[in-house]
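Here's a quick briefing to read with the model open. Have a look at the fold below, then we'll walk through it.

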Amino acid sequence: MEGIAIRLRDLRKSFGETTAVAGIDLEVRDGEFFSMLGPSGSGKTTVLRLIAGFETPTGGRIELAGQDVTGLAPFERDVHTVFQDYALFPHMTVEQNVAYPLRIRKVPKAERLVRARKALAEVRLEGFGKRRPGQLSGGQRQRVALARALVGRPRVLLLDEPLGALDLKLREQMQVELKELQREVGITFVFVTHDQEEALTMSDRIAVFHQGRIEQVGTPAEVYERPASPFVASFVGTSNLLEGEAAHRVVGTPGTYSIRPEKIRILKESADADLPEHTSATGTVAEVVYLGDVTRFLVDLDAGGRLAALQQNLETSSADVAAYRGTRVRLLWHRRHAVEVPGSR
Amino acid sequence: MARTAGRLAGVLHRHPRLRLTLLLTAPLLWLAVLYLGSLTVLFVSAFWTTDSFTSQVVKVWSTDNFHALLTTPVYRQVVVRSVAVALAVTALCAVIAFPLAFYTARVAKPRWRPLLVVAILTPLWASYLVKVYAWRLILSEGGLADWMLGPFGTGGPGFGLPATVLTLTYLWLPYMVLPIHTALAQLPSGLLDASADLGARSWRTFRSVVLPLVLPSVAAGSIFTFSLSLGDYITVQIVGGKTQLIGNLVYANIELNLPMAAALGTVPVVVIVLYLLLMRRTGALSSL
């Protein structure tokens with residue numbers, strides 16, 4: 001099939017009594033940066049290991065570029081992996097590590113060296129070729145692992161929480177670099193992470209995993225703005241749900257609604273809220289959290305329930321913030337931002 | 001009583017040097033006097049001579065013994081033969097131990113692994129002599145080896161050099177299995193996954209990843225098998241037929257010509273020091 005890099009059909013995997021993957025259907029397009037997002041134990045890493053071939057599925061089918069690879073060994077699949085702990089060979093130099101996949105394919109030595117150096121340059125590690133993995137920092141090892149996985153130009157690159165071991169600054173830098181690299185080489189990236197922000201910033205599309213199933217597949221904006229289930233609404237972004245009676249009173253119809261905090265405006269209680277297409281609700285500020293760039297207000301609604309609202313600190317400072325606690329406010333949002341979440345439990 | 005003990009503990013706590021002295025005096029004495037001392041005596045006495053009529057040791061400085069050692073063809077043959085036996089035993093042990101350790105460390109179910117290691121070590125609990133005599137029975141004429149190999153048209157190896165190598169291999173095998181097992185057990189499976197992921201078949205992964213990482217432990221095991229084989233003189237007496245190794249020459253000379261025995265005794269010491277220096281380059285000493 002043209003344009004589909006990976007296709008999973010009713011993929012299942014159990015370890016003894018435990019079901020890790022409970023029937024997954026998924027299509028990843030060619031050249032896509034695709035993220036598998038979910039909490040630990042949600043089955044995302046198992047799916048990755050199934051695609052790589054380290055585990056055999058209990059049921060279902062895996063296709064790579066239209067070819068059924070379900071029963072094939074890892075070395076028979078045109079897929080390379082960047083491991084969470086990098087898995088660099090400690091007895092080889094950086095250059096030898098990167099050249100390893102080429103050595104296996106019997107690429108002549110001279111060409112091997114040129115390509116390995118080029119791959120190292122791609123991840124900005126020129127001049128590190130003669131060192132051993134043990135002499136590198138975490139971020140550098142990460143780059144070597146990337147270069148090694150990319151040097152053979154696989155059809156698909158699998159990344160298993162590769163930024164998990166890095167500190168925040170380095171992580172943000174690597175996020176940008178990874179995205180740029182992916183655009184440059186044009187290879188399909190399948191990126192496993194539990195960090196929703198990481199998934200949102202880097203991906204073309206995201207699959208949200210929960211208890212061995214996929215709850216939603218979509219672009220970052222779709223997943224964030226139109227969560228398909230209460231789990232997605234709470235796992236991606238701040239949980240801000242209006243449920244049951246409160247929802248009925250505020251919105252007018254019963255159901256579960258997700259309203260992102262930054263979509264809510266905070267007004268004085270007396271303010272005129274009679275705007276067309278808008279919904280408003282009064283309440284009392286229960287808690288104020290100063291976050292530097294923004295302030296988060298937690299408001300107990302008179303109709304019941306609690307909503308978080310973000311306000312940019314255009315003029316407010318941390319000193320003013322505390323004074324808001326206990327004050328009466330009116331929350332206002334556009335009707336389209338109250339997204340009904342299906343499948344509420 | 002308890003107060004005295006308490007006071008003593010306090011004194012020891014305040015004087016770390018005293019503590020260290022008390023702790024190390026006995027072992028250091030043991031090492032210096034008994035071990036290094038006897039090595040020195042051995043080396044010095046190798047330069048003495050013997051009165052050929054009375055067999056009395058004459059404490060006159062001379063290098064005759066070493067001269068004889070280097071120029072007499074028999075001595076040279078025996079030295080070469082001994083080193084060859086030690087090397088053959090080491091190579092055989094490595095070849096047999098590797099698949100065995102691979103099974104116990106990576107293939108067998110994890111809960112069976114400790115049990116299998118114990119099973120490999122059990123022969124070490126049996127007496128050395130019992131095991132060697134068992135091999136004598138196996139290798140004797142009409143014994144188990146003859147009976148098993150008979151249908152193939154070849155008899156057993158009988159007593160001699162091959163029998164010696166075989167028996168020594170059996171004796172020292174656990175010393176080779178153990179370090180290899182440990183190294184294989186500690187090998188991160190992520191590395192094997194990574195190798196397969198990058199396109200390597202099992203054999204390639206074995207050659208390029210497993211073997212280089214486990215080799216220092218093979219070298220560590222070989223230090224045991226090599227030095228134990230080089231020093232052995234009983235096995236060869238029981239199953240070796242007329243074969244002579246360095247140990248036999250030392251043993252034969254000890255009554256009649258002690259200085260010559262001492263000179264012969266320095267040979268394995270020198271060989272093993274050379275072997276250790278060689279093995280140090282492989283990183284074996286840090287994986288002991």
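Let's start at one residue: Q216(A) sits in strand β10 (residues 213-218) of chain A, where helices (H or I, at least four residues) and strands (E, at least two) are DSSP runs numbered from the N terminus. Before going further, note that this is a predicted model, so local features need pLDDT of at least 70, side-chain atom pairs count only at pLDDT 80 or more, and totals for chains, interfaces and linings use all residues. Residues are numbered from 1 along each chain as its sequence is written, while chains are lettered from A and ligands numbered from 1 in the order in which they are written.

**Around Q216(A)**

- Q216(A) counts as buried because it has 21 C-beta neighbours inside 10 Å; the cut-offs are 20 or more other C-beta atoms within 10 Å for buried, 12 or fewer for exposed, and partly exposed in between, with C-beta atoms placed from the backbone.
- Skipping neighbours within four places in sequence, Q216(A) is in contact with V208(A), V223(A), P227(A), A228(A), S229(A) and V232(A); a contact here means that the C-beta atoms of two residues, placed from the backbone, lie within 7 Å.
- A145(A) is 71 residues from Q216(A) in sequence, and their C-alpha atoms are 30 Å apart in space.

**Chain A overall**

- Chain A has 10 helices and 18 strands.
- Along the principal axes, its C-alpha atoms fill a box of roughly 80 × 45 × 35 Å.
- Chain A has 345 residues, and 39% of them count as buried.
- Take the contacts in chain A between residues at least 6 apart in sequence: 64% of these join residues at least 24 apart.

**Domains of chain A**

- Chain A is assigned domain 1 (4-235) and domain 2 (241-340), with bounds that come from an automatic or database domain assignment.
- The centres of domain 1 and domain 2 of chain A, taken over C-alpha atoms, are 39 Å apart.
- Where these two meet, the contact takes 5 residues from domain 1 of chain A and 4 residues from domain 2 of chain A.
- On the domain 1 side of that contact in chain A, there are 3 nonpolar, no polar and 2 charged residues; Ala, Val, Leu, Ile, Met, Phe, Trp, Tyr, Cys and Pro count as nonpolar, Asp, Glu, Lys and Arg as charged, and the others, Gly among them, as polar.

- What is the strand order in the open sheet of 4 strands in chain A? The order is β2-β1-β4-β5, with antiparallel pairing; two strands pair if DSSP finds at least two bridges between them.
- β2 (18-29) and β5 (67-68) of chain A are at the edges with a single partner strand each, so one side of each has no neighbour in the sheet.
- Strands β1 (residues 4-15) and β4 (residues 59-64) of chain A run antiparallel and are joined by 5 bridges.
- R7(A) stands opposite E63(A) in β4(A).
- Helix α1 (residues 44-52) of chain A lies across β1, β2 and β4 of chain A, at about 115° to β1(A); axes are lines fitted to C-alpha atoms, for helices over the stretch in contact, and angles run from 0 to 180 degrees between N-to-C directions.

**Pairing around β17(A)**

- Strand β13 (residues 265-268) of chain A pairs with strand β17 (residues 328-334) of chain A in the antiparallel sense, over 4 bridges.
- In that strand, L332(A) stands opposite R265(A).
- Strand β14 (residues 278-290) of chain A also runs antiparallel to β17(A), joined by 7 bridges.
- T279(A) has W333(A) in β17(A) as its bridge partner.

**A loop glycine**

- G255(A) is in the loop between α9 (244-251) and β12 (257-258) of chain A.
- G255(A) counts as partly exposed because it has 15 C-beta neighbours inside 10 Å.

**Chain B and the A-B contact**

- The contact takes 16 residues from chain A and 14 residues from chain B.
- On the chain A side, α2(A) gives the largest share, 3 residues.
- That side of chain A divides into 11 nonpolar, 3 polar and 2 charged residues.
- Chain B is assigned domain 1 (2-45) and domain 2 (64-287), with centres 35 Å apart over C-alpha atoms.
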